[in-house]
Amino acid sequence: MLSSKHPMRNEMLKGIQGNILKAHGRHHTANLFITGEPEKQSEVKAWIRSLTEGKNPIISSGAQQILSIEKFRKEGEDSGPFGCFHISAAGYKYLFGQERADLFGDDSFKDGMANANLNDPPLAMWDEGLQKPHFMLLLADTSEDRVRSVTVEIQKSIMFCTKVTSVVKGHAVFNGKGAGIEHFGYVDGVSQPLFFQDEWEKYKLNNSIIDESKDIVFDPRAKPELVLVPDPLITGDPNAMGSYFVFRKLEQNVKGFKLAEAALAVQLGLEGEEEERIGAQVIGRFEDGSPVQVVHEEGQMPNSAVFNNFDYDSEDASKCPFHAHIRKTNPRSDLPKGEAAKRRMARRGIPFGIRNDDPEDGLIDNKPEGDVGLLFMSYQASIVDQFEFIQKNWANNSNFSKPNTGLDLIIGQGGQEYPIKWGDPTSMRPATFGQFVQMKGGEYFFAPSMRFLQEIDEL
Ligand code: HEM
């Protein structure tokens, strides 16, 4: 774990961009998708370098990010806009030519998302501005106005050498208890790999871990190598690390999802409070975050929005079905030790789209059918072994043999089985559920090291 006493911690954090090991935490964001104009490589490189310069650079290192979090905690001083920069394989080719773009070890990154075998809609159906961009600059701030003004300023400053093909805005959404939710209404961002000692201390408090030798049921601790790899374009500097990054714009049909939940309850003959369990069995958690593996009703856990210290019983799907989204994407000890842990990603997603309804009003008719969703974003050391493995081998796998029993209902494509009595394996019944998440475009990127960004025009 990275504690403040760790001998390598500061040097490592100075070498990487912020947001990789620790989430930026701001509630408003803009993803700028950018493509460089022909013959303008020098100008584009100078602009990228400029993002790391000045008193308050847009792009800050992992070390600067932590200093500003500490300053904010102590003095309440907001450090202003936060940014991080990502380059696709096509972007590397544009800047440095094919040979250097080929230095990357990850084949999926080199091929790009449009060529990935993920059962996605064809490229021509993706949002136009999200088709094969060179760069993605993520801007984040506590103020929506500030995100807007920095976005406009940047767009103006690079008009002569690039095309900004799309600006996708993100806005955090919260439930009545202040926990961050996604548009179907479920608390999100609970289960993450933890890299820092202070995060682990908080986790122990939230998850009632008093005696580490006895109380740990699920261990979220991770080494930085889960998400960091050496930057292939910088040699001889062990702190020049970067991370592979996945962006997917996933539109959610909230009304369709809620109608399907109600129809599934009818199929299974569940009524009253039992009906609430349907959504929980699709996601793996109730809307308040409590895992359906642990409780059979919402509102039973005071720490539901942060609780993660649970595990599955690999022989039993009568509490949490094998195909529930969180069991699909992290089967925990359904797999032999370490097998699920090595696939984890640092998820950094944020909802997009503006709602006119109250997500918690219990109504269905007023729920959006589109234009809202999740900007799925994740950092990992390997797209092939982490994001793509989870999406292809687990979420999209309809093989009914354990642990991949049925498709992931949120992000995979079929037929599943549900328990009609919680905890009773003899009560499993087959039932169907539609797909309410539509992929609208995305790309694989690399978040290069700070040294790469600072020296880009000398490389
Ligand atoms: C619109 C699309 C999506 C929605 C609505 C969604 C929703 C959720 C929710 C509500 C949770 C529970 C909160 C938590 O445990 O942190 C969760 C967890 C998770 N999701 Fe998603 N998700 C979506 C897309 C994806 C995609 C594309 C992936 C990866 C391929 C993914 C991977 C995960 C993982 C790894 C977890 C944590 C599981 C665990 O460790 O227990 N999600 N998601």
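Modeller: Start with N119, which lies in the loop between helix 6 (107–111) and strand 3 (135–141). Keep in mind that this is a predicted model.

Colleague: OK. What is phi of N119 near?

Modeller: Phi of N119 is near 65°. That is a positive value, and N119 is a residue other than glycine. Most residues other than glycine have a negative phi.

Colleague: Which other residue has a positive phi although it is not a glycine?

Modeller: R332 has one, at about 50°. R332 sits in the loop between helix 12 and strand 9 (346–347).

Colleague: What does the side chain of R332 have to do with the ligand?

Modeller: One of its N or O atoms is 2.7 Å from an oxygen atom of the ligand. R332 is also among the closest residues to the ligand, together with V190, S191, H325 and R347.

Colleague: And how far is the side chain of R347 from a ligand oxygen atom?

Modeller: For R347, an N or O atom of the side chain is 2.7 Å from an oxygen atom of the ligand. For R285, the distance is 3.1 Å, again from a side-chain N or O atom to a ligand oxygen.

Colleague: How many residues surround the ligand?

Modeller: There are 26. By class, the shell has 14 nonpolar, 7 polar and 5 charged residues.

Colleague: Which elements each supply at least two residues of that shell?

Modeller: Strand 8 (241–252), helix 12, strand 11 (373–380) and helix 13 (387–395).

Colleague: Switching topic. How do helix 2 and helix 4 cross?

Modeller: The axes of helix 2 (residues 41–50) and helix 4 (residues 89–96) cross at roughly 115° and come within 9 Å. Helix 2 makes the contact with Q41, V44, K45 and I48, while helix 4 uses Y94, L95 and F96.

Colleague: What classes are those residues?

Modeller: In this contact, 5 are nonpolar, 1 is polar and 1 is charged.

Colleague: Last one, the whole protein. How many helices and strands?

Modeller: It has 14 helices and 14 strands. The radius of gyration is 22 Å, close to the 23 Å that the globule rule gives for 459 residues, so the protein is as compact as a globular protein of that length.

Colleague: What does the C-alpha trace span along its principal axes?

Modeller: About 65 × 50 × 40 Å.

Methods
Residues are numbered from 1 along each chain as its sequence is written. This is a predicted model: local features need pLDDT of at least 70, side-chain atom pairs count only at pLDDT 80 or more; totals for chains, interfaces and linings use all residues. Side-chain values use heavy atoms; hydrogens and water are left out. Axes are lines fitted to C-alpha atoms, for helices over the stretch in contact, and angles run from 0 to 180 degrees between N-to-C directions. Helices (H or I, at least four residues) and strands (E, at least two) are DSSP runs, numbered from the N terminus. Contact means heavy atoms within 4.5 Å. Ala, Val, Leu, Ile, Met, Phe, Trp, Tyr, Cys and Pro count as nonpolar, Asp, Glu, Lys and Arg as charged, and the others, Gly among them, as polar. A residue is near a molecule or strand if one of its heavy atoms lies within 4 Å of it. A polar contact is a pair of N or O atoms within 3.5 Å; within protein, one must be able to donate a hydrogen and the other to accept it, and residues adjacent in sequence count only if both atoms are side-chain atoms. The radius of gyration is taken over C-alpha atoms; the globule rule is 2.2 Å times the number of residues to the power 0.38.
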